[in-house]
Amino acid sequence: YIVSQSDLAVISFGVLAYELLALKIPAIYFSHTLDHEVSTTLFSDNGYGFSVGLIKNVKEQALNKAILKQLAEIKTFEYKKYINISDMKLVSDLVMK
């Protein structure tokens with residue numbers, strides 16, 4: 001329930017990233033592994049959120065900038081209108097490549 005009421009999530013990439021996508025909630029993704037970094041990049045490149053890269057390399061300033069950018073996009077562009085649930089198949093196909 002808490003997740004479904006969120007405007008933005010800051011998460012470690014995993015199953016929750018797909019759940020947020022289904023709920024049309026943008027996210028900022030951390031990666032713990034290189035394969036998750038590839039997935040977060042695909043999500044980010046397709047407009048589903050923003051990847052800050054591997055968690056061990058993330059700097060506080062970069063994270064703060066990403067959060068502010070995502071919040072601005074939510075307010076300015078009504079972010080949730082741009083996420084199409086049918087894109088989940090595209091994301092799945094891209095991740096599986």
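**Strand, helix and ring packing in the predicted model**

Glycine 14 is found in the loop between S1 and H1, helices (H or I, at least four residues) and strands (E, at least two) being DSSP runs numbered from the N terminus. The model is predicted, so that local features need pLDDT of at least 70 and side-chain atom pairs count only at pLDDT 80 or more, whereas totals for chains, interfaces and linings use all residues. Residues are numbered from 1 along each chain as its sequence is written, and side-chain values use heavy atoms, with hydrogens and water left out.

At 21% relative accessibility, glycine 14 counts as partly exposed; buried means under 20% relative accessible area, exposed over 50%, and partly exposed in between (1.4 Å probe, protein chains only). Its C-alpha atom is separated by 7.6 Å from that of histidine 36, 22 residues apart along the chain. Between glycine 14 and threonine 40, 26 residues apart in sequence, the C-alpha to C-alpha distance is 9.3 Å.

Histidine 36 has its place in helix H2 and, at 25% relative accessibility, counts as partly exposed. Apart from neighbours within four places in sequence, histidine 36 is in contact (heavy atoms within 4.5 Å) with Phe13 and Ser31. The side chain of histidine 36 reaches the backbone oxygen of phenylalanine 13 at 3.3 Å.

Alanine 9 stands opposite alanine 27 in S2. Together with helix H1 (residues 15-23), S1 and S2 make a right-handed β-α-β unit; right-handed here means that, with the strands pointing away from the viewer, the path from the first strand over the helix to the second runs clockwise.

The structure holds six aromatic pairs. Rings of Phe, Tyr and Trp (its six-membered ring) pair if their centres lie within 6.5 Å; planes under 30 degrees apart count as stacked, over 60 as edge-to-face and the rest as tilted. Phenylalanine 13 and phenylalanine 43 form an edge-to-face pair, 5.2 Å centre to centre with 85° between the planes. Because phenylalanine 13 lies in the loop between S1 and H1 and phenylalanine 43 in helix H2 (residues 34-45), this pair ties together parts that are 30 residues apart in sequence. The rings of phenylalanine 43 and tyrosine 48, with centres 5.8 Å apart and planes at 80°, are also edge-to-face. Both phenylalanine 43 and tyrosine 48 are buried. Ring pairs link Phe13, Tyr18, Tyr29, Phe43 and Tyr48 into a cluster.

The largest nonpolar core has eleven residues, among them Ala9, Phe13, Ala27, Tyr29, Phe43 and Tyr48. Such a core is a set of buried Ala, Val, Leu, Ile, Met, Phe, Trp, Tyr and Cys residues joined through side-chain atoms within 4.5 Å. H1 gives the largest share of this core, three residues. A second, separate core of seven residues includes Leu8, Phe30, Val58 and Leu63.

Serine 51 lies in strand S3 (residues 49-54) and counts as buried at 16% relative accessibility. A polar contact of 2.9 Å joins its side chain to that of threonine 40; the term denotes a pair of N or O atoms within 3.5 Å, where within protein one must be able to donate a hydrogen and the other to accept it, and residues adjacent in sequence count only if both atoms are side-chain atoms.

Definitions and conventions. Two strands pair if DSSP finds at least two bridges between them.
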